[in-house]
Amino acid sequence: GTLKGIKTLVWKEGSVWSPLHPVEWVGARLIAANYHTEDADGVRGHGGIHAIWPPSLESDAAIGEFEQYARRQPKEFTALVSGWGRSIMGDVGWRAEHCRIRAVISPPTASRLKFRQWCRENEVTWSVI
């Protein structure tokens with residue numbers, strides 16, 4: 001099975017980038033070997049593609065917290081991602097060897113039409129809440 005998580009990414013120059021480690025994704029996919037060069041045992045900041053666990057949206061308070069998380073800069077967006085391969089799970093989230101964007105939850109406000117086209121071309125669901 002795959003891990004499910006939430007990740008903030010950046011839309012620039014017609015492609016998707018990771019904001020903390022500026023690397024371009026290949027379409028909607030990223031492999032850890034292209035993301036980090038070191039192989040470390042720690043969860044935060046090392047050796048994998050990180051995502052946080054999806055929030056429980058069963059209460060108004062949880063939905064409000066998620067909406068706060070999803071508010072970003074004009075070029076940033078929030079996505080539901082799946083991870084697989086070598087992975088580590090933690091209290092806040094996980095890191096994995098492979099990652100794929102499954103759905104856009106909070107789209108960027110910049111270049112919206114080009115971004116929507118990119119989503120169609122890469123089979124990424126447009127699922128704004």
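These questions and answers concern a predicted model.

Me: Which strand pairs with β5 over 10 bridges?
Reply: β5 covers residues 76–89. Its partner over 10 bridges runs antiparallel to it and spans residues 93–106. The two form a hairpin with 3 residues between them. The strand is β6.

Me: Which residue of β5 is the bridge partner of L3?
Reply: Strand β1, residues 3–12, is joined to β5 by 8 bridges, and the two run antiparallel. Within β5, the bridge partner of L3 is G83.

Me: Which residue of β6 is the bridge partner of L80?
Reply: β5 and β6 pair in the antiparallel sense. In β6, L80 has as its bridge partner A103.

Me: Within what arc do the buried residues of α2 fall, seen down its axis?
Reply: Helix α2, residues 112–121, has F115, W118 and C119 as its buried residues. Residues three or four places apart in an α-helix point the same way, because there are 3.6 residues a turn. The buried residues of α2 therefore line one face of the helix, within an arc of 100°.

Me: Which residues are exposed on the other side of α2?
Reply: The buried residues F115, W118 and C119 are covered by elements including β1, β2, β5, β6 and β7. On the other side of α2, the exposed residues are L113, K114, R120 and E121.

Me: Is C119 buried or exposed?
Reply: The cut-off for buried is under 20% relative accessible area. C119 has 2% relative accessibility, so it counts as buried.

Me: How many disulfides are counted?
Reply: A disulfide requires two cysteine sulfur atoms within 2.5 Å. By this rule the number of disulfides is 0.

Terms used: Residues are numbered from 1 along each chain as its sequence is written. This is a predicted model: local features need pLDDT of at least 70, side-chain atom pairs count only at pLDDT 80 or more; totals for chains, interfaces and linings use all residues. Side-chain values use heavy atoms; hydrogens and water are left out. Buried means under 20% relative accessible area, exposed over 50%, partly exposed in between (1.4 Å probe, protein chains only). Two strands pair if DSSP finds at least two bridges between them. Helices (H or I, at least four residues) and strands (E, at least two) are DSSP runs, numbered from the N terminus. The arc is that of the directions from the helix axis to the C-beta atoms. Contact means heavy atoms within 4.5 Å.
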